[in-house]
Each structure stands twice: as structure tokens, then as C-alpha cells.
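Work through the exercises below with the sequence and the model in view. Try each task before reading its solution.

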Amino acid sequence: MKFYIETYGCQMNVADSELVITILSTAGHTLVSDINEAELIMFNTCSVRAHAEDRVLGRISNERHRKKANPSLMIGVLGCMAQRIGKRLIDDHLGIDFAIGVDQYDQLPQILSSGIYKEHIKLDFDSEQVYPDLMPSHQSKTCGFVTIMRGCNNFCTYCIVPHVRGRERSRPWHDVYADVLQAGKQGLKDITLLGQNVNSYNNAEIDFSDLLRKINEIDEIERIRFITSHPKDLSYKLIDTMAECSKICEHIHLPLQSGNDRVLNEMNRGYTSAHYMSLITRLISMIPNIAITTDLIAGFPSETDDEFRDTLSLMQDIQFDYSFCFKYSPREGTTAASFPHQIAEEIRLARLQEMIDPQREITLSKFRSNIGKEVEVYVEDISKKDANMVSGKTRDYKIAVLPGNSSDIGTLKTAIVREATAGTLIC
Ligand code: 5AD
Ligand code: SF4
């Protein structure tokens, strides 16, 4: 069967799609990149905010018409939305043939060969599932994602993830190591280790710092990244490891969510703004040129205007290289969705805009501060805007363009930054 897969949401989903590609290819099916050729269309979905779900529902209804011309075409939904509302999606007659949850991708070949798809809504959690011995089919030739753990135990009150991805479990370190080594042998030099909370990785006495040190020894790999770190679990041991291991890139994504301690407590985040600041101070003292990015939520239930201003003022104090700013989105089944004092949509939107505007200024000045400096760029592609330029990322996770051609793809180049926008360093 020719299958096509469209992926939404975070890098965990990208990595899961690469796992599904391995599972189906091994079973004799063929990945196609053109949806028109597909006999099976799959959507790997995200539930983190209502907007993410609405986009996927829109996409599914756009592709349904294909079933009229081709009645044997199958449409499947994978991932967090399948897990959350898979049964509802099928009952709603959206033309979906099957829904399969995040712990059961290894059953896809049987579901496809059984022919009775609707009786195969596979949504049970399997708290042991780590997909052992399954190497992801990396779709990039330069940068690879390797999952080191699945699920989450933190239950931040706004978040649907623990409800749709189940409890936290770490993959055996030797499986992770083998995946990274294989990616390196395939020529991928930039590897991102993935988990909802990588700082709590633990397998057979190997913690996350130990794992990083092992991966740092792999000759084929030049750059190591990881997402996502949780401020309550980020240890000084890890910061020391980042400073000492030459391949670990000078970037950390450390979601703050709010700059106000009462709101952080309501969110069940497990740290204060002072603790977060102490981590930032330590990170900068140990790794002076580190880029720090974050996630922020505007309009969490009961957040007052003054409390929101605490977030704005911490943003100014810290000067994040980039912030992913979100308007709070109530998710059915999470604790915060039933909190009293939900904030009106227009206030959430206004607060969101009040975050985005100053962050854009900060990001621009961070990018501009690189002008005149030398950066190392791992070339990933020809620039979309100029065929005589190539693009890639710096070690601190900024997109850069520089003169070059297709023979530079997959190589590390150093160049001097001449100009900068809020999204690109121009060398
Ligand atoms: N509403 C808004 N943003 C959310 N996030 C997670 N859940 C919600 C929600 N219900 C954001 C958090 C998290 C990022 C991945 O998505 O900032 O870090
Ligand atoms: Fe969601 Fe919190 Fe887990 Fe992150 S740590 S996935 S925000 S519950």
C-alpha cells in the first residue's frame, strides 16, 4: 500500500511519524510524498491547543472528497487527537477509517491487513511501550530527532499531554545510543534528543547527564540538542555537563509559562520565578554565549492584569532569544479547564499581543548582536529566497544564510554575520 503521512504539533510527533514510516515500510508498504498517489492518508495529530485540533479537522474535511473518486482510499488518524477523541472522530462520519493511539503504532500493519478498520480503534495506553529495536526513518539528511522518553508525569493543570501520552517512561539508554549512532552513520550530524521532560530521564542508573556524556563520544555526531527541559528538574549537574561536553549546543529551551508565583502554583509547575532566575544565572555563568528560549501562556484562569505584568517584566529581565507565546486554551479533562474565573477571550488575546510585541524587539536585538561575529552554520538546504545562498542553523539555534551551493549541504561552514532580521542571520 502507498501511504502518505502529514504531521502536526511538536517534534515528538515528527519522531513518531518517522517511527510509523519504519513500521509500515518494514511491513512492505511504501511512503509517498505526493498525496495524490496515496492509497492511505494518515494525519499524525496534536491536541495541545484547540487551534491545533481545528486545523487538522479542516485538513481532514478537505481531503474527504478523494474518497468519492477512490472508494478504497483509507484515512487514518494517529497521535494525540486520536487518543483524545478518536472514537468521536469515527462516530462523526468524517470519512475516517481508523484511529490509533500513541502506544500502538506497532499494530498498524495488522490493522491494515485485517480489512475491518473501524473495529480497530486502538487507543489503550501501554505504560511499558518504548518501541524497542525500532529505528526511526529520518526524513531529513542533516538533522535527526531521537526519542529518549515517552509520556509525562507532571500534570501541569493546563496541559492535555499526560492525558493523551500516558505516564513517563525512559527508553533504554543503549537503544537511544544505537539510534543516535545509526543517525550519525547515515550522515546526520545534528541530533535532538526528545522527551516531554528530558531532565527526568532515567534508565538503569543512567540519568540525562550521563546519557549526554555517552552521546558526546559518538564521532559521527557534531551537535547535540535536547527538548524539552523542565525548570523544576534542571540540575546543576546537567548545566555542568552542557558546559563540559563540546558537542552540546549553546541553546536551552526552558519553558517559563508565567512570571508570577501564584499563577505558577495554580499551573502546578513546581518552581518559583526566583528559582527560574537562579537557573538562568547559573546557565549564563557556565555557558556565557547560551541562547535561551521559552514558552509563555497568556490569560491562564484567574490571572490578574498585575500577575500578567510579572511575566512581561521577567521577559525584560531575562531577554529570551525567542519566546513561543500562547493564549491559554482550555482543554477538556484538564484541571484548569474547570477552574472558576476563566479569562475572557478578548483579554487573553490582548495579553498575548502584549507579549509578542516586546519579544519581537528583543529577538531582533539578539539577532543583531551577532553582526560582525563569526558563526558556525550546519548547512541544511538551498535558501528559499536566493538560489546562490544556502541556509542552516547556528549552534545556538538561529537560522542563518550564507553564499553557497548544493555541495555545501551536510557540511559545517563558518561565516561572518553581515546583517540580521528577527528570524535570520545573513552572512
Ligand atoms: N493552552 C495554551 N498553551 C498551552 N501549552 C500547553 N497546553 C496549553 C494550553 N492548554 C503550551 C505550553 C507548553 C507548550 C508546548 O504549549 O506553553 O510549554
Ligand atoms: Fe504538559 Fe507540563 Fe508535561 Fe510539559 S511538563 S508535557 S506542559 S504536563
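A residue counts as near a molecule if one of its heavy atoms lies within 4 Å of it. This is a predicted model, in which local features need pLDDT of at least 70 and side-chain atom pairs pLDDT 80 or more, while totals for chains, interfaces and linings use all residues. Residues are numbered from 1 along each chain, ligands are numbered from 1 in the order in which they are written, and side-chain values use heavy atoms, without hydrogens and water.

**Exercise 1.** Which residues are around ligand 2?

Solution. Step one: list Cys152, Asn154, Phe155, Cys156, Tyr158, Cys159, Val161, Pro162, Gln196, His230 and Arg269. Step two: sort this shell, with Ala, Val, Leu, Ile, Met, Phe, Trp, Tyr, Cys and Pro as nonpolar, Asp, Glu, Lys and Arg as charged, and the others, Gly among them, as polar. The shell around ligand 2 then has seven nonpolar, three polar and one charged residue.

**Exercise 2.** In which order do the five strands of the open sheet lie?

Solution. Strands are DSSP runs of E with at least two residues, numbered from the N terminus, and two of them pair if DSSP finds at least two bridges between them. The order is E2-E1-E3-E4-E5, with parallel pairing. Strands E2 (30-31) and E5 (98-100) are the edges, since each pairs on one side only. Within the sheet, five bridges link E3 (residues 40-45) with E4 (residues 74-78), and Leu40 has Met74 as its bridge partner in E4.

**Exercise 3.** In which sense do E14 and E15 pair?

Solution. Strand E14 (residues 291-298) and strand E15 (residues 322-327) are parallel, over six bridges.

Terms used:
Helix = DSSP H or I, 4+ residues; strand = E, 2+ residues; numbered from the N terminus.
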